[in-house]
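Subject: Structure handover

Hello,

Here is the structure I said I would pass on. Please open it beside this email; my notes follow below it.

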Amino acid sequence: MKKYNVCVVGVGVVGLEMLRVLKQRNFPVGQLRVLARSAREIEVDGQKYSVEAISPEGFNDVDIALFAGTEGEKGAAVTYAPEAVKRGAVVIDNGADFRMDPKVPLVVPEVNSQDVKKHKGIIANPNCSTIQMVVALSPIHKKVGIKRIIVTTLQASSGAGKSAVEQLKAETSVISSGGFDRLHADVKNKAMPQQLAFNVFPHIGGFSEDDYTSEEWKMVKETHKIMHDDKIKISATTVRVPVRTGHSESVYIETKKPIKPQELRQLLSKSPGIVVIDDPKNNLYPMPKDVEGRDETFVGRIRRDTFVKNGLWLWVVADNLRKGAATNAVQIAECVISNSK
Ligand SMILES: NC(=O)c1ccc[n+]([C@@H]2O[C@H](COP(=O)([O-])OP(=O)(O)OC[C@H]3O[C@@H](n4cnc5c(N)ncnc54)[C@H](OP(=O)(O)O)[C@@H]3O)[C@@H](O)[C@H]2O)c1
């Protein structure tokens, strides 16, 4: 079997998960290079990796470069993704820097794997909250058409990187060590705009157009691009909750043609990458604590809206570090190599 030289950029919460996913999915890795801002030795599940400091030469002889560095001007992708492409690599980027570039495909393999073929060197991985929503909604859109989506997300701390997980841990420890008498924890080096322990806040990303946050706009624009339909009316409220890993979403949809909840359960049960857990009488529905480490998107609480014709509700949960980031990126890499055969 042909092997591919792979490079992982970034060893934060997503980068570490990529190393796991490559191994667990038996990706045909030839040489593996791990790059970050600084060189050091790391250990993941008992295996040691040497991390090298990033440089343009680090991309020599790399076939596939999986980027999981911080976004923006000082992040890895803006500087080094074009450099990696120049040296012959196909880049799969987890950040937002290239997602809305019309020349860059934005891919969730269960939904639009055919777009991988259009790449010119860079392929973008969507935002975690968008990925799980489109996995759940795409089969419905293909069958009966979706004209409206209203979504509220409940996003875990690891969605904001390893420093956000550290913030949640520190705050939880301060509050619990005081016997829960006070629910305020003023810790240093906050990675998020508010205290997260024993709290929730509707503020992910910066506030922008029409008082929606950048995260909320990502869910709108990325969904339009992935589903190839910018007529779907989408409104999002994105909320950070004190969960370590696993994003949940309360999703309301209005379909063009009618579909009964039971038909919807059957449709989603046989759709790729989806597990339906929907037995409320026995207290069975998806929860973040149960999906950590899993690659599928879990759907439950499927029910009709009592007041709106063709209105339906779903509860959608996935591991933001796996399907929301690392697994989706490695699945894209699998599409790249199967297209090259
Ligand atoms: N967390 C999620 O659920 C999630 C989901 C989807 C997409 N993403 C995206 O995935 C990317 C990584 O997120 P994360 O949560 O893993 O972040 P993180 O935990 O903060 O880790 C960031 C990593 O990027 C490295 N890095 C930062 N700037 C770099 C540069 N200029 N050159 C090389 N390496 C650099 C850091 O290196 P050092 O360790 O040396 O400092 C660190 O290892 C981000 O673009 C994020 O938006 C995250």
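Helix α4 (residues 128-144) packs with helix α9 (residues 322-339) at an angle of about 85°, and their axes are 8 Å apart. That angle makes α4 roughly perpendicular to α9, a term for angles of 65 to 115 degrees, where under 35 counts as roughly parallel, over 145 as roughly antiparallel and the rest as oblique. On the α4 side the contact is made by C128, I131 and Q132, and on the α9 side by K323, G324, A325 and N328. By class, this contact has three nonpolar, three polar and one charged residues.

Some terms used there need cut-offs. The axes are lines fitted to C-alpha atoms, for helices over the stretch in contact, and angles run from 0 to 180 degrees between N-to-C directions. Helices (H or I, at least four residues) and strands (E, at least two) are DSSP runs, numbered from the N terminus. Two residues are in contact if their C-beta atoms, placed from the backbone, lie within 7 Å. Ala, Val, Leu, Ile, Met, Phe, Trp, Tyr, Cys and Pro count as nonpolar, Asp, Glu, Lys and Arg as charged, and the others, Gly among them, as polar.

On the source: this is a predicted model, in which local features need pLDDT of at least 70 and side-chain atom pairs count only at pLDDT 80 or more, while totals for chains, interfaces and linings use all residues. Residues are numbered from 1 along each chain as its sequence is written.

Next, helix α5 (residues 162-177). Its 16 residues reach 23 Å from the first C-alpha to the last, close to the 22 Å expected at 1.5 Å a residue; the expected span is 1.5 Å times one less than the number of residues. After α5 comes G179, with a positive phi near 70°.

Take L168 of α5 on its own. L168 has 26 other C-beta atoms within 10 Å, so this residue is buried. Leaving out residues up to four places away in sequence, L168 touches S157, L196, A197, P242 and R244. L168 and E43 are 125 residues apart in sequence, and their C-alpha atoms are 23 Å apart in space.

Helix α1 has 12 residues, which should span 16 Å at 1.5 Å a residue; the end C-alpha atoms are 17 Å apart, which agrees. Nine of the 12 residues of α1 are buried, so the helix is mostly covered. Among them are V13, L16, M18 and L22.

Just after α1, N26 takes a positive phi of about 55°. Most residues other than glycine have a negative phi. N26 sits in the loop between α1 (13-24) and β2 (29-36) and counts as exposed, with 8 C-beta neighbours inside 10 Å. N283 also has a positive phi, near 60°, and lies in the loop between β11 (274-276) and α8 (288-291). N283 is exposed, with 6 other C-beta atoms within 10 Å.

Regards

Notes:
A residue is buried if 20 or more other C-beta atoms lie within 10 Å of its own, exposed if 12 or fewer, and partly exposed in between; C-beta atoms are placed from the backbone.
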